[in-house]
Structure formats: C-alpha cells, structure tokens
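Please read the following walk through a predicted model with the coordinates open.

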Amino acid sequence: MIFKQMYSGGGEFVLNITSNVANPNIPALATAAGWNGSGFLKVNITAPFVNEIRLLSSWSFPSGLEIEISASTLVGGRRGENGNPSPAAGGPALLVQVPVSIRNNGTIAGGGGQGGFGQITFVDYNSSRVIAGTNGNLGAGAGFTSGATTPSSAQAGGGGLYAEYSGPLFGGDTRPWARGGECGAGGGWGAQGVSGFYGSVGGSYDAGGGHKAPTPGGAGGNSVIGNSFITWLATGTRLG
C-alpha cells in the first residue's frame, strides 16, 4: 500500500510506502497521492523490500526531498545472471542524480555478481584429443530480477562435464579422461561472484591440462551510485 499524510503545518507532504515495490517512480506516486509538485516531500519506506530506487535528473523536487528507510527494509539491486559471454555484474540498489537527504535505518545492498565459468580441460592420447567443458550453469547472484518485488538468494554453480577417450589402449595404459571445472556460485548481496574452478585429468595420456582457464565471477553491484548528491542523516548498512 502507498498512501499520503499531510503534516499539521501543511508545509511537508509525506508519502508512505508500506508494500514491496519495484523501481518506484517517486514523484509520480507522490503526485497521484496528492502532492502539489512544489512542497517539501518526505518519503517513509517501511515495506520489507524495494527493488532499486532511481532518483533521475529529470525529476524535480523544488523544496527538497528526504527519504527515510526503516530498520526492517532492504533496498536491493538486480542480481547478476544470464551473462554472455562474460559473467554478469550485479546492479546498484540506489541511483541518485538529484539532491536528497537519506536516513537509512535499514539496508541498501547492490546485487550479487554471477559466478564464473569453470575451466575447460583436455587429454591427448594416440593422436586423439578429448575435451571436457562445463554445463554452463553459472550461479546467479543474490538480488532482484527485473520487476520482481521479492529478492532471490545466490545460487550454486553447475558442475563440470566428464569425458574419456573411447579408442583402443596400448598395453598397460589406463583410459584417459578429463573433467571440466565447476562453475562458480553467485555472490551474496553486493559481492563478486565466485570464480570458476579448475578441472582435472587422469589415466594414461600424452598431454593434458587446461584448454581454457576458469573466469572470475561478475562484480558485485554498488549500494549507491551518485553519493555526491546525498546528505546522509544516517548511513545504516550498505553492501557493495
């Protein structure tokens, strides 16, 4: 629920956000609730979750803007997921392009980065090469998906694939094999995703090892972009 309340003096308009919301358009919500577009605007957020807040340069708050985030509120960024060809970074929780005062009694957290790719490995035997990759399931980071009003936890990464040489063996040799490295898990709130892991090889082989190195995880999202526009009345917990 989003509703209004006028202070008794009439000089400030208070917009209360009590239910989970994604990317709230604060001036539009305030105007719809009765704000005249020129008075001082105070925004109280007591909803458990807010999927990113953007205060855009095209928005105007002539008499000033103050936002208070309750102790039980998490303002979070987009999770890193579906990165291609590189693991995706997490998104920011708060993007600020206009002057604002913020009293953060809760948590402002960037999204977690996506986990990295595991190593591709190989073994060479009898002029043949066996390659083992990964299943490509990079762990998504902690955070929100687009338009979601509740966040998701960080995910584990997928395992490496196994491959072995299937041709004839020379006497006394054991069958060569390769296993790709596991993909990394997604990062927690504001944290980089876990790097992918190295694979392994075994059996009798002429040469073997890494065909492609594991990659780092995606960067964690910033808690705040545009800090120079903010007057912090209380900083609270900020991750990323």
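A charge sits over a ring if NZ of Lys or CZ of Arg is within 6 Å of the ring centre and within 35 degrees of the ring normal. Arg238 meets this rule with Trp232, lying over the face of the ring at 4.5 Å from its centre. Arg129 is placed over the face of Phe122, at 3.9 Å from the ring centre.

Next come the contacts between rings. The model holds five aromatic pairs. One of them joins Tyr125 and Phe170, with 5.9 Å centre to centre and 55° between the planes, a tilted arrangement. This pair links distant parts of the chain, 45 residues apart: Tyr125 belongs to strand β12 (residues 120-125), while Phe170 lies in the loop between β14 (162-164) and β15 (177-179). Tyr125 has 3% relative accessibility and therefore counts as buried, the cut-off being under 20%. Together with Tyr165, Tyr125 and Phe170 form one aromatic cluster.

Turn now to the sheet. The partner strand β11 (residues 107-109) runs parallel to β20 and is joined to it by three bridges. Within this pairing, Ala109 stands opposite Leu239 of β20.

Finally, the largest pocket has a volume of about 180 Å³. Its lining has five nonpolar, five polar and one charged residues. Among the lining residues are Pro85, Phe117, Ile120, Thr134 and Lys212.

Key. Residues are numbered from 1 along each chain as its sequence is written. This is a predicted model: local features need pLDDT of at least 70, side-chain atom pairs count only at pLDDT 80 or more; totals for chains, interfaces and linings use all residues. Side-chain values use heavy atoms; hydrogens and water are left out. On a 1 Å grid over the protein atoms alone, a cavity is a set of points where a 1.4 Å probe fits but cannot get out, and a pocket is an open set with protein on both sides within 12 Å along at least five of seven lines; lining residues have an atom within 4 Å of a point. Grid points are joined across faces, edges and corners, and a volume is the space filled by probe spheres set on the points. Ala, Val, Leu, Ile, Met, Phe, Trp, Tyr, Cys and Pro count as nonpolar, Asp, Glu, Lys and Arg as charged, and the others, Gly among them, as polar. Two strands pair if DSSP finds at least two bridges between them. Helices (H or I, at least four residues) and strands (E, at least two) are DSSP runs, numbered from the N terminus. Rings of Phe, Tyr and Trp (its six-membered ring) pair if their centres lie within 6.5 Å; planes under 30 degrees apart count as stacked, over 60 as edge-to-face and the rest as tilted. Buried means under 20% relative accessible area, exposed over 50%, partly exposed in between (1.4 Å probe, protein chains only).
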